[in-house]
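Reader: I am new to this structure. Please show me how to read it, one feature at a time.

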Amino acid sequence: MAQVIKTTENQTSAKSYRTYGKKETPKNDTPLFRKTNYILMGIGAVVLFIGYLLLRGGGSEDPNQFSKAIFDARRLNVAPITILIGLVTEIFAIMWCPRIKNNDEQQTSTEA
């Protein structure tokens, strides 16, 4: 017959089992976006809104008549460039992370 061997678990093996594959990092209380990020996102949203407003209009009331106003430089050049600037601003606002200086690093650099 097979013999059953009982082992006792010590604290280290139980702890490693619970934390297997997890890195023990301290929780950071800093928010994902800061005030500057939100301000830049607002500016980007306003620029996008202005770009979409520039795309409006240019149609005629009578659907049987052709209106050359749809080929205006405002709709073909200015509005798409404005929308692209707004999109780039939004991407920059989301990706930008300001540098944070720790007080500990500043104190060690001044003491050395």
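**Reading the helices and rings**

Author: Start with one residue. Leaving aside neighbours within four places in sequence, N37 is in contact (heavy atoms within 4.5 Å) with A93, W96 and P98. This is a predicted model, in which local features need pLDDT of at least 70, side-chain atom pairs count only at pLDDT 80 or more, and totals for chains, interfaces and linings use all residues. Residues are numbered from 1 along each chain as its sequence is written, and side-chain values use heavy atoms, with hydrogens and water left out.

Reader: Is N37 buried or exposed?

Author: Buried means under 20% relative accessible area, exposed over 50%, and partly exposed in between (1.4 Å probe, protein chains only). N37 has 0% relative accessibility, so N37 counts as buried.

Reader: What does the side chain of N37 reach?

Author: The side chain of N37 reaches the backbone oxygen of W96 at 2.8 Å.

Reader: How many helices and strands does the protein have?

Author: Helices (H or I, at least four residues) and strands (E, at least two) are DSSP runs, numbered from the N terminus. Here there are four helices and zero strands. Along the sequence the pattern reads α-α-α-α. N37 sits in helix α2.

Reader: Which span should helix α2 have?

Author: The expected span is 1.5 Å times one less than the number of residues. Helix α2 covers residues 35-55, 21 residues, so it should span 30 Å. Its end C-alpha atoms are 31 Å apart, which agrees.

Reader: Which residues of α2 are buried?

Author: They are N37, M41, G44, V47, L48 and G51. Seen down the axis of α2, these buried residues fall within an arc of 125 degrees (taken from the directions from the helix axis to the C-beta atoms), so they line one face of the helix. On the other side of α2, K35, Y38 and F49 are exposed.

Reader: What covers the buried residues of α2?

Author: The cover includes α3, residues 73-95.

Reader: Where does α3 have a kink?

Author: The bend at a residue is the angle between axes fitted to the seven residues ending there and the seven starting there. In α3 a kink of about 25 degrees lies at A79, shortly before the proline P80. End to end, the 23 residues of α3 reach 32 Å from first C-alpha to last, close to the 33 Å expected at 1.5 Å a residue.

Reader: What separates I85 and L48?

Author: Their C-alpha atoms are separated by 7.9 Å, though I85 and L48 are 37 residues apart along the chain. I85 belongs to helix α3. I85 is partly exposed, with a relative accessible area of 48%.

Reader: How many aromatic pairs does a search of the whole structure find?

Author: A pair of aromatic rings is described by the distance of the centres and the angle of the planes. Rings of Phe, Tyr and Trp (its six-membered ring) pair if their centres lie within 6.5 Å; planes under 30 degrees apart count as stacked, over 60 as edge-to-face and the rest as tilted. The search finds three aromatic pairs. In one of them, the ring centres of F33 and Y38 are 5.9 Å apart and the planes stand at 75 degrees, so the pair is edge-to-face. F66 and F71 form a tilted pair, with 6.0 Å centre to centre and 40 degrees between the planes.

Terms used. A polar contact is a pair of N or O atoms within 3.5 Å; within protein, one must be able to donate a hydrogen and the other to accept it, and residues adjacent in sequence count only if both atoms are side-chain atoms.
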